[in-house]
Amino acid sequence: MSSVSGFFPMCGPHAVVSCEISVSLAPKEERSLFSKIEGRADELAECFSASDEIYSVIIAKGEPPRLEKSGKIFSVGPEQQKDWTVHISEEILKATCHQYTRWNMVEAELRKLLRYALEIGEYAGTDLRNISLKVVDQFCHEKMDDDRYDISCLLSRSSRYLNPLAFAGNKIWHCNSGWFAVSGNNVRCLNHLNVSAVDGSLEDEGEEVRPVYSVMIEHIQSVKASDLDLSGTIFADDHVATVDAMQWMHKSNKSVMVDLLQENKLRQIGLKWGEE
């Protein structure tokens with residue numbers, strides 16, 4: 001990546017390094033998602049239809065879940081080298097895409113995986129506490145081009161989410177904010193936004209590690225399950241409540257990015273014209 005581009009999105013045509021849908025579960029003494037799903041990894045792996053590769057989801061108590069690809073551990077290494085990961089515990093279920101392409105495809109795959117896991121665990125809508133969407137975007141700037149570093153070339157000074165101190169000239173800083181938003185269906189959504197400027201490094205395939213300045217934008221949105229109609233098959237393509245919630249939170253995330261970024265950066269990642 002040439003330094004003449006100033007701040008550039010981590011993933012080329014877009015900046016999304018991870019997209020995650022998670023569900024918090026009410027504890028159930030009479031059943032365990034762990035015990036029900038353990039040993040059925042091959043069935044769960046069938047959810048990863050976005051790739052022709054064969055995946056397995058390996059889950060063991062006391063160990064972090066991992067994916068296997070063609071018999072070899074696939075999830076070892078930096079997050080950016082993974083495609084999909086699954087985390088399953090007694091009270092949390094989350095599916096993450098680390099190789100984001102298009103929202104409609106990624107969101108459908110994540111919902112399918114969550115739907116299958118909930119069916120295995122025999123969880124109903126009344127067993128869910130919250131449904132959340134977390135999107136992490138990353139932009140980088142070459143340290144070798146330090147004299148051209150200007151955070152206002154990436155972020156808008158007029159953003160309502162940023163403290164003026166972010167533009168004070170320091171290359172390391174952090175801003176966070178939180179608020180409630182209400183959807184058209186009168187569903188309240190809790191938002192957490194963390195924007196951090198940090199030291200980092202970038203390793204391209206076949207190239208040496210390069211020092212960079214990195215700006216991470218983490219947007220987490222969460223709705224109470226009790227505010228949604230969760231009758232029927234949760235996360236199914238025809239489950240209106242969860243599909244609508246995901247679409248609304250996705251649009252809200254895009255709105256936040258439009259507020260944060262400079263117009264030329266929005267054009268660079270395709271957000272100005274509503275691309276996903």
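User: How many salt bridges does the structure hold?
Analyst: The structure holds 10 salt bridges. Bear in mind that this is a predicted model.

User: Let's take Arg111. Which residue does Arg111 form a salt bridge with?
Analyst: Glu107 is a partner of Arg111. Their closest N and O atoms are 2.5 Å apart.

User: Where do Arg111 and Glu107 sit in helix 3?
Analyst: Helix 3 covers residues 103-120, and the two are four residues apart in it. That puts about one helical turn between them.

User: Is Arg111 buried or exposed?
Analyst: Arg111 counts as buried, because its relative accessibility is 5%. Glu107 is buried too, at 3%.

User: Which residues are in the network with Arg111?
Analyst: Glu107, Arg111 and Asp237 form one network. They are joined by salt bridges that share partners.

User: OK, what about Glu109? What does its side chain meet in a salt bridge?
Analyst: The side chain of Lys112. The N to O distance is 3.8 Å.

User: How many residues apart are Glu109 and Lys112?
Analyst: Three residues, with both in helix 3. That is about one turn of the helix.

User: And are they buried or exposed?
Analyst: Glu109 counts as buried at 11% relative accessibility. Lys112 is partly exposed, with a relative accessible area of 22%. The cut-off for buried is under 20%, so Glu109 and Lys112 get separate labels.

User: Now Lys171. Which residue does its side chain meet in a salt bridge?
Analyst: Asp146, at 3.8 Å from N to O. This pair links distant parts of the chain, 25 residues apart. Lys171 and Asp146 are both in the loop between strand 8 (128-142) and strand 9 (173-182).

User: How accessible is Lys171?
Analyst: Lys171 is partly exposed, with 24% relative accessibility. Asp146 is also partly exposed, at 32%.

User: Switching topic. How many helices and strands are there in the protein?
Analyst: Five helices and 11 strands.

User: What share of the residues is buried?
Analyst: Of the 276 residues in the protein, 49% are buried.

User: And the accessible surface, what does that come to?
Analyst: About 13600 Å² for the protein. Carbon and sulfur atoms account for 47% of that.

User: How about contacts between residues at least 6 apart in sequence? What share joins residues at least 24 apart?
Analyst: 66% of those contacts in the protein.

User: Next, Ser132. Where is it found?
Analyst: Ser132 is in strand 8. Its relative accessible area is 13%, so Ser132 is buried.

User: Which side chain does the Ser132 side chain make a polar contact with?
Analyst: That of Ser222, at 3.0 Å.

User: What else does Ser132 touch?
Analyst: Leaving out residues up to four places away in sequence, Ser132 touches Glu20, Ile21, Ser22, Gln221 and Ser222.

User: Glu20 then. Which strand is Glu20 found in?
Analyst: Strand 2, which covers residues 16-25.

User: What is the nearest side chain of opposite charge to Glu20?
Analyst: Lys134, 4.2 Å away. Glu20 is buried yet has no salt bridge.

User: Which side chain joins Glu20 in a polar contact?
Analyst: The side chain of Thr96, at 3.2 Å.

User: And which residues is Glu20 in contact with, neighbours within four places in sequence aside?
Analyst: Lys94, Ala95, Thr96, Ser132, Leu133 and Lys134.

Key: Residues numbered from 1 in each chain as written. Predicted model: local features only at pLDDT ≥ 70, side-chain atom pairs only at ≥ 80, totals over all residues. Heavy atoms only, no water. Salt bridge = Lys/Arg side-chain N within 4 Å of Asp/Glu carboxyl O. Buried < 20%, exposed > 50% of the residue type's maximum accessible area, 1.4 Å probe, protein only. Contact = heavy atoms within 4.5 Å. Areas by Shrake-Rupley, 256 points an atom, 1.4 Å probe, with all protein chains shown as cover. Polar contact = N/O pair within 3.5 Å; in protein donor to acceptor, adjacent residues only side chain to side chain. Lys, Arg positive; Asp, Glu negative; His and termini not counted.
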